[in-house]
Amino acid sequence: MKKNLKVVGMLAIIATMMLMSACGGNDGKGTNGKSGQETPASVSPSPDAEKENSEITLTVQFPKSDNVVEIPVYEDKMKRFGEKYPHVKMVKNDWWYKSDEIGIKMAAHQAPSGFYVPATEGGTLVGHEWAADLTPFLKNYEFADDFNEKLTSQFTVDGKLYAVPKNAYISSIIINKKLFEEKNVPIPSLDWTWNEFYEAAKATADPAKGIAGFAIMAKGNEGGWNWTNFLYQAGGAAQEVQGDKVVSAFNSEAGVKAMEFMRKLRWEGNALPQNWALNYGDVYNLFKQGRAAIVLGESGQIEDAVNNGGMDKNDLMILPMPSMEKGGAHVGVLGGNYMIVNPQESMEVQQAAFDFITFDMFKDSEIDVLKTVLEDRKAKGQIKAYGSAAYYYKADSEFGKKFEALLDEYPDNVYKLDPKVIEAMVGIPEPAYNGQEFYGAITNVMQEVFTNEKADVKALLDEAAQNFDNEVLSKVTIQK
(Lines give C-alpha, C1' and ligand atoms only; values in the text may rest on other atoms or scores of the structure.)
Protein backbone atom coordinates (compact mmCIF):
# COMPACT_ATOMS: atom_id res chain seq x y z
CA MET A 1 0.00 0.00 0.00
CA LYS A 2 2.36 1.38 0.78
CA LYS A 3 0.50 1.90 3.26
CA ASN A 4 -0.35 4.89 2.28
CA LEU A 5 2.95 6.05 1.02
CA LYS A 6 5.87 4.21 2.29
CA VAL A 7 8.44 6.43 3.78
CA VAL A 8 10.35 7.82 0.84
CA GLY A 9 13.62 6.13 1.26
CA MET A 10 14.80 2.57 1.22
CA LEU A 11 17.89 4.31 2.47
CA ALA A 12 16.53 7.46 3.99
CA ILE A 13 19.81 9.29 3.70
CA ILE A 14 20.14 8.47 0.03
CA ALA A 15 17.15 10.12 -1.50
CA THR A 16 18.63 9.85 -4.96
CA MET A 17 19.42 6.18 -4.60
CA MET A 18 16.36 4.38 -3.41
CA LEU A 19 14.70 7.13 -1.59
CA MET A 20 11.48 -0.83 1.47
CA SER A 21 3.77 -0.16 2.57
CA ALA A 22 -0.32 2.94 -0.07
CA CYS A 23 -3.92 4.06 -4.07
CA GLY A 24 -4.44 3.62 -8.88
CA GLY A 25 -3.90 1.20 -12.40
CA ASN A 26 -5.10 1.24 -15.91
CA ASP A 27 -7.50 -0.39 -18.27
CA GLY A 28 -4.82 -1.26 -20.78
CA LYS A 29 -5.98 1.53 -23.11
CA GLY A 30 -3.10 3.90 -22.54
CA THR A 31 -3.38 7.61 -23.35
CA ASN A 32 -3.74 9.43 -26.59
CA GLY A 33 -0.81 11.74 -26.08
CA LYS A 34 -2.84 14.85 -25.27
CA SER A 35 -2.44 17.25 -22.34
CA GLY A 36 0.30 19.14 -24.07
CA GLN A 37 2.55 16.14 -24.59
CA GLU A 38 3.65 15.15 -28.04
CA THR A 39 6.01 12.33 -28.87
CA PRO A 40 8.60 13.74 -31.24
CA ALA A 41 11.32 11.64 -32.77
CA SER A 42 13.81 13.68 -30.81
CA VAL A 43 13.69 16.18 -28.00
CA SER A 44 16.97 17.81 -28.98
CA PRO A 45 17.07 21.60 -28.47
CA SER A 46 16.23 23.86 -31.39
CA PRO A 47 18.99 25.74 -33.24
CA ASP A 48 18.54 28.59 -30.82
CA ALA A 49 19.05 26.14 -27.95
CA GLU A 50 21.24 28.36 -25.81
CA LYS A 51 18.60 31.05 -25.68
CA GLU A 52 15.79 28.56 -25.06
CA ASN A 53 17.74 26.68 -22.42
CA SER A 54 18.41 29.84 -20.46
CA GLU A 55 14.67 30.19 -20.00
CA ILE A 56 14.01 26.71 -18.58
CA THR A 57 12.57 26.62 -15.07
CA LEU A 58 12.31 23.26 -13.34
CA THR A 59 10.03 22.92 -10.33
CA VAL A 60 11.75 20.41 -8.07
CA GLN A 61 9.85 18.38 -5.50
CA PHE A 62 11.59 19.17 -2.22
CA PRO A 63 11.31 17.69 1.31
CA LYS A 64 9.17 19.39 3.93
CA SER A 65 10.97 21.79 6.25
CA ASP A 66 11.00 19.28 9.12
CA ASN A 67 12.71 16.55 7.08
CA VAL A 68 16.20 17.30 8.34
CA VAL A 69 17.62 14.04 6.97
CA GLU A 70 16.72 14.45 3.34
CA ILE A 71 16.96 18.22 2.90
CA PRO A 72 20.78 18.25 2.66
CA VAL A 73 20.63 15.28 0.27
CA TYR A 74 18.32 17.17 -2.07
CA GLU A 75 20.37 20.34 -1.72
CA ASP A 76 23.46 18.42 -2.77
CA LYS A 77 21.68 16.83 -5.71
CA MET A 78 20.35 20.19 -6.89
CA LYS A 79 23.82 21.69 -6.62
CA ARG A 80 25.41 18.93 -8.70
CA PHE A 81 22.56 18.98 -11.22
CA GLY A 82 22.90 22.75 -11.58
CA GLU A 83 26.60 22.44 -12.28
CA LYS A 84 25.92 20.02 -15.13
CA TYR A 85 22.85 21.87 -16.46
CA PRO A 86 23.51 25.57 -15.76
CA HIS A 87 20.70 26.59 -18.14
CA VAL A 88 18.10 25.05 -15.80
CA LYS A 89 16.74 27.27 -13.05
CA MET A 90 15.40 25.16 -10.17
CA VAL A 91 12.51 26.21 -7.95
CA LYS A 92 11.57 24.19 -4.85
CA ASN A 93 8.06 22.86 -4.30
CA ASP A 94 7.34 20.91 -1.09
CA TRP A 95 4.00 19.41 -2.22
CA TRP A 96 3.96 15.60 -1.97
CA TYR A 97 1.35 13.45 -3.59
CA LYS A 98 -2.08 13.05 -2.01
CA SER A 99 -4.84 11.27 -3.90
CA ASP A 100 -7.42 13.84 -2.83
CA GLU A 101 -5.25 16.77 -3.98
CA ILE A 102 -3.77 15.66 -7.30
CA GLY A 103 -6.82 16.70 -9.35
CA ILE A 104 -6.78 20.18 -7.85
CA LYS A 105 -3.03 20.55 -8.33
CA MET A 106 -3.16 19.49 -11.98
CA ALA A 107 -6.18 21.70 -12.72
CA ALA A 108 -4.33 24.66 -11.24
CA HIS A 109 -1.04 23.69 -12.90
CA GLN A 110 0.67 23.74 -9.50
CA ALA A 111 2.25 20.27 -9.41
CA PRO A 112 6.06 19.95 -9.54
CA SER A 113 7.76 19.18 -12.84
CA GLY A 114 8.43 15.67 -11.57
CA PHE A 115 7.17 14.02 -8.39
CA TYR A 116 6.81 10.86 -6.36
CA VAL A 117 3.62 8.83 -6.57
CA PRO A 118 2.59 5.54 -4.92
CA ALA A 119 2.29 2.42 -7.04
CA THR A 120 -1.47 2.38 -6.58
CA GLU A 121 -1.93 5.56 -8.60
CA GLY A 122 -1.01 4.18 -12.01
CA GLY A 123 -4.53 3.99 -13.41
CA THR A 124 -5.62 7.34 -12.05
CA LEU A 125 -2.57 9.19 -13.36
CA VAL A 126 -2.35 7.53 -16.76
CA GLY A 127 -6.12 7.56 -17.24
CA HIS A 128 -6.34 11.30 -16.54
CA GLU A 129 -3.20 11.98 -18.58
CA TRP A 130 -1.42 13.33 -15.52
CA ALA A 131 1.73 11.32 -16.19
CA ALA A 132 3.94 11.92 -19.21
CA ASP A 133 4.79 9.12 -21.61
CA LEU A 134 8.53 8.65 -21.08
CA THR A 135 9.15 7.16 -24.53
CA PRO A 136 10.90 10.23 -26.02
CA PHE A 137 13.23 10.48 -23.03
CA LEU A 138 14.00 6.79 -22.77
CA LYS A 139 14.89 6.77 -26.47
CA ASN A 140 18.18 8.51 -25.71
CA TYR A 141 18.67 7.18 -22.18
CA GLU A 142 21.57 4.74 -22.05
CA PHE A 143 20.14 2.73 -19.16
CA ALA A 144 16.62 2.35 -20.55
CA ASP A 145 16.94 -1.44 -20.74
CA ASP A 146 18.39 -1.83 -17.25
CA PHE A 147 15.25 -1.14 -15.20
CA ASN A 148 14.00 -4.02 -13.08
CA GLU A 149 11.06 -5.38 -15.06
CA LYS A 150 9.46 -6.77 -11.88
CA LEU A 151 8.78 -3.16 -10.90
CA THR A 152 7.88 -1.38 -14.13
CA SER A 153 4.61 -3.15 -14.92
CA GLN A 154 2.45 -0.91 -12.73
CA PHE A 155 3.12 2.08 -14.97
CA THR A 156 3.51 0.33 -18.32
CA VAL A 157 0.59 0.76 -20.71
CA ASP A 158 0.59 -0.44 -24.31
CA GLY A 159 4.34 -0.92 -24.07
CA LYS A 160 4.94 2.64 -22.87
CA LEU A 161 6.45 3.47 -19.49
CA TYR A 162 4.87 6.34 -17.56
CA ALA A 163 6.95 6.30 -14.38
CA VAL A 164 10.45 5.51 -13.20
CA PRO A 165 10.58 3.03 -10.30
CA LYS A 166 12.56 4.26 -7.32
CA ASN A 167 12.00 2.21 -4.17
CA ALA A 168 9.47 -0.47 -4.88
CA TYR A 169 8.74 -3.80 -3.23
CA ILE A 170 7.06 -7.15 -3.56
CA SER A 171 5.50 -8.29 -0.30
CA SER A 172 7.23 -11.22 1.34
CA ILE A 173 7.31 -13.02 4.68
CA ILE A 174 9.75 -12.44 7.54
CA ILE A 175 10.17 -15.14 10.16
CA ASN A 176 11.92 -15.19 13.52
CA LYS A 177 13.83 -18.46 13.27
CA LYS A 178 14.56 -18.36 16.99
CA LEU A 179 10.85 -18.78 17.82
CA PHE A 180 10.59 -21.64 15.34
CA GLU A 181 13.54 -23.40 16.93
CA GLU A 182 12.22 -22.92 20.47
CA LYS A 183 9.03 -24.75 19.49
CA ASN A 184 10.86 -27.33 17.33
CA VAL A 185 8.91 -26.15 14.31
CA PRO A 186 10.63 -26.81 10.96
CA ILE A 187 11.78 -23.75 9.04
CA PRO A 188 9.45 -23.42 6.01
CA SER A 189 10.75 -24.22 2.55
CA LEU A 190 10.70 -21.68 -0.26
CA ASP A 191 7.86 -23.59 -1.90
CA TRP A 192 5.54 -23.48 1.07
CA THR A 193 1.75 -23.36 0.89
CA TRP A 194 -1.16 -21.93 2.84
CA ASN A 195 -1.47 -25.18 4.75
CA GLU A 196 2.20 -25.07 5.77
CA PHE A 197 1.83 -21.40 6.65
CA TYR A 198 -1.16 -22.21 8.86
CA GLU A 199 0.57 -25.11 10.60
CA ALA A 200 3.70 -23.00 11.24
CA ALA A 201 1.68 -20.06 12.60
CA LYS A 202 -0.39 -22.36 14.83
CA ALA A 203 2.64 -24.25 16.14
CA THR A 204 4.78 -21.19 16.93
CA ALA A 205 1.98 -19.34 18.72
CA ASP A 206 2.12 -19.31 22.51
CA PRO A 207 -0.83 -17.22 23.72
CA ALA A 208 0.06 -17.79 27.39
CA LYS A 209 3.37 -16.02 26.79
CA GLY A 210 1.89 -13.36 24.53
CA ILE A 211 3.55 -14.78 21.43
CA ALA A 212 1.67 -14.80 18.13
CA GLY A 213 2.39 -17.24 15.37
CA PHE A 214 1.34 -14.65 12.80
CA ALA A 215 0.83 -10.93 13.41
CA ILE A 216 -1.29 -9.33 10.70
CA MET A 217 -2.29 -5.69 10.49
CA ALA A 218 -6.01 -5.27 11.09
CA LYS A 219 -6.55 -1.80 12.52
CA GLY A 220 -6.33 0.71 9.68
CA ASN A 221 -6.00 0.54 5.92
CA GLU A 222 -2.92 -1.64 6.38
CA GLY A 223 -5.26 -4.54 7.14
CA GLY A 224 -6.70 -4.57 3.64
CA TRP A 225 -3.21 -4.18 2.23
CA ASN A 226 -2.02 -7.28 4.09
CA TRP A 227 -5.11 -9.29 3.09
CA THR A 228 -4.78 -8.44 -0.60
CA ASN A 229 -1.69 -10.65 -0.76
CA PHE A 230 -3.87 -13.66 0.04
CA LEU A 231 -6.57 -12.52 -2.39
CA TYR A 232 -3.96 -12.50 -5.15
CA GLN A 233 -2.59 -15.90 -4.09
CA ALA A 234 -6.09 -17.33 -4.41
CA GLY A 235 -6.23 -16.04 -7.98
CA GLY A 236 -8.50 -13.10 -7.26
CA ALA A 237 -8.48 -9.41 -8.09
CA ALA A 238 -9.58 -6.36 -6.16
CA GLN A 239 -11.42 -4.75 -9.06
CA GLU A 240 -11.97 -5.02 -12.78
CA VAL A 241 -12.70 -2.68 -15.65
CA GLN A 242 -16.01 -3.09 -17.45
CA GLY A 243 -16.26 -0.75 -20.39
CA ASP A 244 -15.66 2.74 -19.09
CA LYS A 245 -16.28 1.80 -15.46
CA VAL A 246 -14.46 0.07 -12.64
CA VAL A 247 -16.26 -2.42 -10.39
CA SER A 248 -15.28 -4.45 -7.35
CA ALA A 249 -14.14 -8.04 -7.85
CA PHE A 250 -12.94 -8.96 -4.36
CA ASN A 251 -16.21 -10.64 -3.37
CA SER A 252 -15.34 -13.56 -5.65
CA GLU A 253 -14.69 -17.17 -4.74
CA ALA A 254 -11.02 -16.24 -4.35
CA GLY A 255 -11.96 -13.42 -1.98
CA VAL A 256 -14.02 -15.80 0.12
CA LYS A 257 -11.12 -18.28 0.29
CA ALA A 258 -8.71 -15.55 1.37
CA MET A 259 -11.02 -14.26 4.09
CA GLU A 260 -11.90 -17.78 5.28
CA PHE A 261 -8.17 -18.38 5.65
CA MET A 262 -7.99 -15.34 7.93
CA ARG A 263 -10.88 -16.76 9.96
CA LYS A 264 -9.06 -20.11 10.25
CA LEU A 265 -5.88 -18.46 11.52
CA ARG A 266 -7.85 -16.45 14.08
CA TRP A 267 -10.34 -18.99 15.42
CA GLU A 268 -9.05 -22.48 14.66
CA GLY A 269 -5.33 -21.90 14.89
CA ASN A 270 -5.44 -19.20 17.60
CA ALA A 271 -2.34 -17.95 15.78
CA LEU A 272 -3.02 -14.20 15.84
CA PRO A 273 -2.16 -11.82 18.70
CA GLN A 274 -4.83 -11.74 21.38
CA ASN A 275 -5.10 -8.05 20.60
CA TRP A 276 -5.25 -8.35 16.83
CA ALA A 277 -6.20 -4.70 16.14
CA LEU A 278 -2.67 -3.69 15.18
CA ASN A 279 -1.40 -1.07 12.78
CA TYR A 280 1.83 -1.00 10.79
CA GLY A 281 4.08 0.10 13.64
CA ASP A 282 2.37 -2.15 16.19
CA VAL A 283 3.09 -5.29 14.18
CA TYR A 284 6.77 -4.59 13.71
CA ASN A 285 7.22 -3.54 17.32
CA LEU A 286 5.70 -6.88 18.32
CA PHE A 287 8.11 -8.64 15.98
CA LYS A 288 11.14 -6.76 17.34
CA GLN A 289 10.10 -7.75 20.85
CA GLY A 290 10.23 -11.43 19.89
CA ARG A 291 6.47 -11.78 20.24
CA ALA A 292 5.56 -12.73 16.65
CA ALA A 293 7.04 -15.59 14.65
CA ILE A 294 5.71 -14.52 11.25
CA VAL A 295 4.95 -11.10 9.76
CA LEU A 296 4.50 -9.72 6.28
CA GLY A 297 7.36 -7.44 5.35
CA GLU A 298 10.46 -6.77 3.33
CA SER A 299 14.13 -5.93 3.68
CA GLY A 300 13.37 -2.62 5.37
CA GLN A 301 11.87 -4.43 8.34
CA ILE A 302 14.97 -6.63 8.59
CA GLU A 303 17.09 -3.49 8.95
CA ASP A 304 14.75 -2.06 11.55
CA ALA A 305 14.65 -5.29 13.55
CA VAL A 306 18.43 -5.49 13.74
CA ASN A 307 19.44 -1.82 13.87
CA ASN A 308 16.65 -0.59 16.14
CA GLY A 309 15.33 -3.77 17.75
CA GLY A 310 18.63 -5.39 18.67
CA MET A 311 17.77 -8.64 16.90
CA ASP A 312 20.45 -10.92 15.44
CA LYS A 313 20.34 -10.98 11.65
CA ASN A 314 21.09 -14.69 11.76
CA ASP A 315 17.75 -15.23 13.53
CA LEU A 316 15.81 -13.61 10.69
CA MET A 317 14.77 -14.99 7.34
CA ILE A 318 12.83 -13.65 4.37
CA LEU A 319 10.64 -16.06 2.42
CA PRO A 320 8.38 -15.55 -0.59
CA MET A 321 4.67 -15.42 0.15
CA PRO A 322 3.11 -18.88 0.41
CA SER A 323 1.19 -20.26 -2.55
CA MET A 324 -2.40 -21.32 -1.98
CA GLU A 325 -1.65 -24.81 -3.25
CA LYS A 326 1.49 -26.79 -4.01
CA GLY A 327 3.11 -25.66 -7.22
CA GLY A 328 1.23 -22.36 -7.27
CA ALA A 329 2.75 -18.92 -7.65
CA HIS A 330 4.24 -17.13 -4.62
CA VAL A 331 2.34 -13.92 -5.19
CA GLY A 332 2.82 -10.72 -3.24
CA VAL A 333 1.52 -7.19 -3.61
CA LEU A 334 3.74 -5.04 -5.82
CA GLY A 335 3.90 -1.50 -4.57
CA GLY A 336 6.22 1.31 -3.64
CA ASN A 337 7.17 4.73 -4.91
CA TYR A 338 7.65 5.87 -8.48
CA MET A 339 8.62 9.15 -10.12
CA ILE A 340 6.55 10.68 -12.90
CA VAL A 341 7.12 13.64 -15.20
CA ASN A 342 4.42 16.32 -15.32
CA PRO A 343 2.92 16.30 -18.86
CA GLN A 344 1.73 19.90 -18.46
CA GLU A 345 5.29 21.16 -18.79
CA SER A 346 6.96 21.99 -22.10
CA MET A 347 8.99 19.19 -23.67
CA GLU A 348 12.21 20.98 -22.68
CA VAL A 349 11.15 21.10 -19.05
CA GLN A 350 9.93 17.51 -19.20
CA GLN A 351 13.36 16.48 -20.45
CA ALA A 352 14.98 18.38 -17.58
CA ALA A 353 12.61 16.72 -15.11
CA PHE A 354 13.50 13.28 -16.48
CA ASP A 355 17.20 14.16 -16.27
CA PHE A 356 16.76 15.27 -12.65
CA ILE A 357 14.80 12.16 -11.67
CA THR A 358 17.40 9.84 -13.17
CA PHE A 359 20.41 12.00 -12.33
CA ASP A 360 22.17 9.55 -10.01
CA MET A 361 20.52 6.36 -11.19
CA PHE A 362 22.91 3.68 -12.52
CA LYS A 363 25.83 6.01 -11.76
CA ASP A 364 29.02 5.54 -9.77
CA SER A 365 27.80 8.39 -7.57
CA GLU A 366 25.28 5.95 -6.08
CA ILE A 367 28.02 3.39 -5.51
CA ASP A 368 30.00 6.07 -3.68
CA VAL A 369 26.99 6.89 -1.50
CA LEU A 370 26.42 3.21 -0.76
CA LYS A 371 30.03 2.87 0.37
CA THR A 372 29.56 5.81 2.73
CA VAL A 373 26.41 4.22 4.13
CA LEU A 374 28.09 0.83 4.60
CA GLU A 375 31.04 2.41 6.35
CA ASP A 376 28.62 4.18 8.67
CA ARG A 377 26.73 0.94 9.36
CA LYS A 378 30.03 -0.84 10.03
CA ALA A 379 31.11 1.81 12.52
CA LYS A 380 27.77 1.52 14.35
CA GLY A 381 27.56 -2.27 14.19
CA GLN A 382 24.45 -2.07 12.02
CA ILE A 383 23.33 -3.71 8.78
CA LYS A 384 22.02 -2.84 5.34
CA ALA A 385 19.44 -5.29 4.02
CA TYR A 386 19.65 -5.92 0.31
CA GLY A 387 17.47 -7.67 -2.23
CA SER A 388 17.30 -6.76 -5.89
CA ALA A 389 13.56 -7.47 -6.13
CA ALA A 390 13.10 -4.13 -4.39
CA TYR A 391 15.46 -2.05 -6.48
CA TYR A 392 15.00 -0.20 -9.72
CA TYR A 393 17.81 -1.92 -11.61
CA LYS A 394 18.26 -5.43 -12.97
CA ALA A 395 20.54 -7.54 -10.81
CA ASP A 396 22.57 -8.62 -13.84
CA SER A 397 23.06 -5.08 -15.15
CA GLU A 398 26.52 -3.53 -15.00
CA PHE A 399 25.36 -1.28 -12.19
CA GLY A 400 23.77 -4.18 -10.34
CA LYS A 401 27.02 -6.11 -10.48
CA LYS A 402 28.98 -3.13 -9.12
CA PHE A 403 26.43 -2.73 -6.35
CA GLU A 404 26.66 -6.40 -5.47
CA ALA A 405 30.46 -6.39 -5.50
CA LEU A 406 30.59 -3.57 -2.99
CA LEU A 407 28.11 -5.33 -0.71
CA ASP A 408 30.36 -8.40 -0.74
CA GLU A 409 33.05 -6.29 0.92
CA TYR A 410 30.88 -5.93 4.04
CA PRO A 411 29.65 -9.46 4.91
CA ASP A 412 29.04 -8.62 8.58
CA ASN A 413 26.99 -5.54 7.79
CA VAL A 414 24.83 -6.73 4.93
CA TYR A 415 21.74 -8.93 4.99
CA LYS A 416 21.14 -10.42 1.56
CA LEU A 417 18.00 -12.04 0.31
CA ASP A 418 18.49 -15.51 -1.05
CA PRO A 419 18.51 -15.16 -4.88
CA LYS A 420 16.09 -18.11 -4.99
CA VAL A 421 13.64 -16.14 -2.86
CA ILE A 422 13.85 -13.20 -5.24
CA GLU A 423 13.37 -15.49 -8.21
CA ALA A 424 10.28 -17.06 -6.61
CA MET A 425 8.59 -13.71 -5.92
CA VAL A 426 5.72 -12.81 -8.23
CA GLY A 427 4.43 -9.27 -7.89
CA ILE A 428 0.91 -8.16 -8.76
CA PRO A 429 0.30 -4.38 -8.59
CA GLU A 430 -1.79 -2.85 -5.85
CA PRO A 431 -5.44 -2.08 -6.66
CA ALA A 432 -5.43 0.36 -9.53
CA TYR A 433 -8.21 2.73 -8.48
CA ASN A 434 -8.89 4.21 -5.04
CA GLY A 435 -6.57 1.68 -3.44
CA GLN A 436 -6.56 3.24 0.00
CA GLU A 437 -10.33 3.31 0.22
CA PHE A 438 -10.42 -0.32 -0.91
CA TYR A 439 -7.97 -1.32 1.82
CA GLY A 440 -10.12 0.43 4.40
CA ALA A 441 -13.27 -1.36 3.22
CA ILE A 442 -11.53 -4.74 3.49
CA THR A 443 -10.19 -3.94 6.95
CA ASN A 444 -13.78 -3.46 8.11
CA VAL A 445 -14.63 -6.96 6.90
CA MET A 446 -11.53 -8.43 8.55
CA GLN A 447 -12.44 -6.84 11.87
CA GLU A 448 -15.91 -8.36 11.74
CA VAL A 449 -14.47 -11.80 10.95
CA PHE A 450 -11.91 -11.51 13.75
CA THR A 451 -14.63 -10.41 16.18
CA ASN A 452 -17.37 -12.86 15.22
CA GLU A 453 -16.38 -16.48 14.65
CA LYS A 454 -19.71 -17.18 12.93
CA ALA A 455 -19.58 -14.18 10.58
CA ASP A 456 -20.91 -14.83 7.07
CA VAL A 457 -17.80 -14.07 4.99
CA LYS A 458 -19.54 -14.09 1.61
CA ALA A 459 -22.31 -11.80 2.81
CA LEU A 460 -19.81 -9.36 4.32
CA LEU A 461 -17.74 -9.22 1.13
CA ASP A 462 -20.83 -8.78 -1.03
CA GLU A 463 -22.05 -5.91 1.13
CA ALA A 464 -18.61 -4.28 1.13
CA ALA A 465 -18.38 -4.58 -2.66
CA GLN A 466 -21.81 -3.10 -3.21
CA ASN A 467 -21.10 -0.17 -0.90
CA PHE A 468 -17.68 0.41 -2.40
CA ASP A 469 -19.06 0.40 -5.92
CA ASN A 470 -21.87 2.79 -5.03
CA GLU A 471 -19.86 5.20 -2.90
CA VAL A 472 -16.45 5.15 -4.58
CA LEU A 473 -15.97 3.31 -7.86
CA SER A 474 -19.16 4.67 -9.42
CA LYS A 475 -17.37 8.02 -9.53
CA VAL A 476 -14.45 6.64 -11.53
CA THR A 477 -14.57 6.96 -15.30
CA ILE A 478 -12.00 5.32 -17.52
CA GLN A 479 -10.44 7.72 -20.00
CA LYS A 480 -10.47 6.28 -23.52
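1. Phe399 is buried, with a relative accessible area of 5%, and Tyr393 is buried too, at 0%. Here buried means under 20% relative accessible area, exposed means over 50%, and partly exposed lies in between (1.4 Å probe, protein chains only). Please keep in mind that this is a predicted model, in which local features need pLDDT of at least 70, side-chain atom pairs count only at pLDDT 80 or more, and totals for chains, interfaces and linings use all residues. Residues are numbered from 1 along each chain as its sequence is written, and side-chain values use heavy atoms, with hydrogens and water left out.

2. Searching the whole structure gives 41 aromatic pairs. Tyr393 and Phe399 make an edge-to-face pair, with 5.1 Å from centre to centre and 75° between the planes. For this count, rings of Phe, Tyr and Trp (its six-membered ring) pair if their centres lie within 6.5 Å; planes under 30 degrees apart are stacked, over 60 edge-to-face, and the rest tilted. Both residues belong to one aromatic cluster, whose members also include Phe137, Tyr141, Phe143, Phe147, Phe354, Phe362, Tyr386, Tyr391, Tyr392 and Phe403.

3. On to the charged side chains. The structure as a whole holds 20 salt bridges, a salt bridge being a side-chain nitrogen of Lys or Arg within 4 Å of a carboxyl oxygen of Asp or Glu. One of them joins Glu398 to Lys402 at 3.9 Å, N to O. These two are four residues apart in helix α16 (residues 398–407), and so they are separated by about one helical turn. Helices (H or I, at least four residues) and strands (E, at least two) are DSSP runs, numbered from the N terminus. Glu398 is exposed at 59% relative accessible area, whereas Lys402 is partly exposed at 36%.

4. Asp462 is partly exposed, at 30% relative accessibility, and Lys458 is partly exposed at 37%.

5. Glu101 and Lys98 also form a salt bridge, with 4.0 Å between the closest N and O atoms. Glu101 counts as partly exposed at 26%, and so does Lys98 at 45%. Elsewhere, salt bridges link Asp76, Arg80 and Asp360 into a network.

6. Which strands make up the open sheet, and in what order? There are four, arranged β8-β11-β7-β12 with mixed pairing. The edges are β8 (212–215) and β12 (316–319); each has a single partner strand, so one side of each is left without a neighbour in the sheet. From one strand to the next, the twist averages 20°.

7. Strands of a sheet pair through backbone hydrogen bonds, either parallel or antiparallel. Strand β7 (residues 172–176) and strand β11 (residues 292–297) take the antiparallel sense, over four bridges; two strands pair if DSSP finds at least two bridges between them. Ser172 has Gly297 as its bridge partner in β11. Helix α12 (residues 280–288) lies across β7, β8, β11 and β12, and runs at about 140° to β11. Axes are lines fitted to C-alpha atoms, for helices over the stretch in contact, and angles run from 0 to 180 degrees between N-to-C directions.

8. His109 has a positive phi of about 55° although it is not a glycine; its place is the loop between α4 (102–107) and β3 (114–118), and at 57% relative accessibility it counts as exposed. Glu129, also not a glycine, has a positive phi near 60°. This residue is in the loop between α5 (122–127) and α6 (135–138), and Glu129 counts as buried at 16%.

9. Is Ser113 buried or exposed? Ser113, placed in the loop between α4 and β3, is buried, with a relative accessible area of 0%. Its side chain makes a polar contact with the side chain of Glu345 at 2.7 Å. A polar contact is a pair of N or O atoms within 3.5 Å; within protein, one must be able to donate a hydrogen and the other to accept it, and residues adjacent in sequence count only if both atoms are side-chain atoms. Leaving aside neighbours within four places in sequence, Ser113 is in contact (heavy atoms within 4.5 Å) with Leu58, Thr59, Ile340, Val341, Asn342, Glu345, Val349 and Ala353.
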